[in-house]
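Thank you all for coming. I would like to walk through one structure with you, so please take a moment to look at the sequence and the model before I go on.

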Amino acid sequence: MFNGKVVLVTGASSGIGEATALAFSAEGARVAAGARRAGRLESLARTAPGEVLTLDLDVTDQESVRAAVSATVERFGALDVLVNNAGVMLNGPIAGADTAEWTRMVETNLLGSMYMVHAALPHLLKAKGTIVQISSTSGRVASAYSGVYGATKFGITAFSEALRQEVTAQGVRVVVVEPGFVATELISHNTDPTMRALARDMAAAMRTLQPEDIANAVVYAVTQPEHVAVNEILVRPTDQT
Ligand code: NDP
């Protein structure tokens, strides 16, 4: 059904991005997989059933973003789907926070995904393609200790709705996916041990989502007929209140 389509996934070296790249590959897509950890991307390319182009991509670097999009189009001749997934979550109290972590979250989650859209949009307009923005339940409900992470995800929602209004008449679909708790490496980057412990306790108290659960939602949205725009998908673990 998706044979030959070209899908670029950011943050494809682990978790949701890796599962999404594999899921599209299984659907017959040609996949461009971007992230900073080249070794992880190489093993993804070896595991995937179809053709995978690995991209040395840092979404905070506009040059790197432009080069990744160009390399994808050069190799595959088009770009049909952008999955804007790369992200970091560095939670903790606002008072006394290390603001370098705020900068990193805003640059990666928000600006990085905007740079990707900017670079990919001319090709997506040509292909009447689809943009999938990986937001979060934190993009719908704010909560203590994830103020900046939540702000980046609320920001993605605002940007995505503006984008949708600008491009939908030209046949480009915008999908916002909002996962609840997914078992990935995301929480391991937290520098605050209390936050890591909190996340570990949360995970132990529920059947968390697996990255493949989100990949399934992304593939569902993207493979709908062209006149159907699935604009928003919220997927929580059944056990998450
Ligand atoms: P992971 O930590 O497993 O994956 C994050 C990915 O982002 C990695 O592939 C990492 O690759 C990449 N990344 C980080 N910084 C950069 C950068 N500067 N440039 C390019 N790639 C980068 O976590 P998840 O799979 O959980 O996270 C994926 C997305 O899902 C994130 O946007 C996250 O906010 C969102 N999400 C996750 C939830 C969860 O519970 N896990 C819930 C809701 C949303 P590398 O380090 O190799 O560059």
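Leaving aside its neighbours within four places in sequence, which residues is A21 in contact with? Before I answer, please keep in mind that what you see is a predicted model. With those neighbours set aside, A21 is in contact with V9, A12, V31, A33, L44, A48 and V52.

A21 also has a place in the largest nonpolar core, which has 56 residues, and A21 is listed there with V31, A33, L82, V132 and V218 as having the most contacts inside it. The element that gives the most to this core is helix α7, residues 211-222, with seven residues. There is also a second, separate core of six residues, including L90, V148, Y149 and L186.

Let me turn to helix α1, which covers residues 15-26 and reaches 17 Å from its first C-alpha to its last, close to the 16 Å expected. Eleven of its twelve residues are buried, so α1 is largely enclosed by the rest of the structure; among the buried ones are G15, E18, A21 and F24. After α1 comes G28, whose phi is positive, near 100°.

Finally, consider M105, which lies in helix α4, residues 99-127. Is M105 buried or exposed? M105 counts as buried, because it has 23 C-beta neighbours inside 10 Å, where 20 or more are required. Not counting residues up to four places away in sequence, M105 touches V88, L90, V148, Y149 and T152, and of these L90, V148 and Y149 belong to the second core I mentioned.

Key
Residues are numbered from 1 along each chain as its sequence is written. This is a predicted model: local features need pLDDT of at least 70, side-chain atom pairs count only at pLDDT 80 or more; totals for chains, interfaces and linings use all residues. Helices (H or I, at least four residues) and strands (E, at least two) are DSSP runs, numbered from the N terminus. Two residues are in contact if their C-beta atoms, placed from the backbone, lie within 7 Å. A nonpolar core is a set of buried Ala, Val, Leu, Ile, Met, Phe, Trp, Tyr and Cys residues joined through C-beta atoms within 7 Å. The expected span of a helix is 1.5 Å times one less than its number of residues.
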